[in-house]
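Good morning, colleagues. Please turn to the sequence and the structure, which I shall now put on the screen.

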Amino acid sequence: MKTQSEKLFEDFCKRENIDCKPILVQSSRTPDYCISVNDTKIVVEVKEISHNKEDLANDKNLRNAKSGETLVIDGGRPGSRVQQKIAKSAKQISNLSKGKYPGMLVLYSSIIFINPLNEYEMKVAMFGLDSIVMSVPDSMNNMPQVLDKKSGPKKKLTPSHNTSISAVAVLTENSGALDLTVYHNPHAAIKIPAGVFKKIECQQFMLSNNNRNKFPSWRRL
């Protein structure tokens, strides 16, 4: 039985004339699809983020809220749900790509009132939480100084971790229209050239270089 995310991904591929072949289930865990985009073969795993207990509680609170009432919605640690999907899919993608093909994780969220797949969530999930490096003053009379701003702990994609994932993409559905946003992994063993997706209606991003005193941010390709 196909999930909603798999159905939508197949619909997107059909709309964009992308050759998309389901991968037969094997004894070892394998990804869902093998697609061919502009003569580039890409191994694809599709994962869906659905409501958990906290989401259902938030939804109930929102529905029962009175007009003018202020509510605080707790979405958990930024990027944590994306990181869970990266951890679960990396081995599947690696089992089939085996250094021969790029791999892509496609994520879809069915959650309505929060977006666990926004640009910030994707950045910290892939490359770590924003961190500020401070100097320690030699006297209490002196103020600490900001030395650097950079991506810090809790990163899932590094030069030695999950390099089989060439990109993490987000599939969204708005009023029946499907969109794909691709976030490239600069640490990937096999990178997906930006030009591969140029003829497809999708946005592409790469993390900008880390300039001192400025958090890394997405740069549109």
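Is Cys34 buried or exposed? The model before you is a predicted one, and in it Cys34 has a relative accessibility of 17%. Residues under 20% are classed as buried, so Cys34 counts as buried.

Let me stay with the cysteines. How many disulfides does the model contain? The count comes to 0. Cys13, for its part, takes no part in a disulfide, and the nearest cysteine sulfur, 4.0 Å away, belongs to Cys20. A disulfide would require the two sulfur atoms to lie within 2.5 Å. For Cys34 the closest cysteine sulfur is likewise in Cys20, but the separation there is 8.8 Å, which is too far for a bond.

Which residues have the most contacts inside the largest nonpolar core? They are Phe9, Ile35, Ile42, Val44, Met104, Val106 and Phe197, in a core of 25 residues. Two or more residues are given to this core by each of the following elements: helix H1 (4–15), S2, S3, strand S4 (103–109), S7 and strand S8 (177–184). The largest share comes from H1, with 4 residues.

Leaving aside residues up to four places away in sequence, Phe197 touches Val37, Ile42, Met104, Val182, Ile192, Cys202 and Gln204. Of these partners, Ile42 and Met104 are also listed among the residues with the most contacts inside the core.

Finally, the backbone. Most residues other than glycine have a negative phi. Asn38 has a positive phi, near 50°. Where is Asn38 placed? This residue sits in the loop that links strand S2 (33–37) to strand S3 (40–49). With a relative accessibility of 39%, Asn38 counts as partly exposed.

The other residue is Asn162, whose phi is also positive, near 55°. Asn162 lies in the loop between strand S6 (146–151) and strand S7 (165–174). Its relative accessible area is 23%, and Asn162 is therefore partly exposed.

To summarise: the model has 0 disulfides, its largest nonpolar core has 25 residues, and positive phi values are found at Asn38 and at Asn162. Thank you for your attention.

Terms used. Residues are numbered from 1 along each chain as its sequence is written. This is a predicted model: local features need pLDDT of at least 70, side-chain atom pairs count only at pLDDT 80 or more; totals for chains, interfaces and linings use all residues. Side-chain values use heavy atoms; hydrogens and water are left out. Buried means under 20% relative accessible area, exposed over 50%, partly exposed in between (1.4 Å probe, protein chains only). A nonpolar core is a set of buried Ala, Val, Leu, Ile, Met, Phe, Trp, Tyr and Cys residues joined through side-chain atoms within 4.5 Å. Contact means heavy atoms within 4.5 Å.
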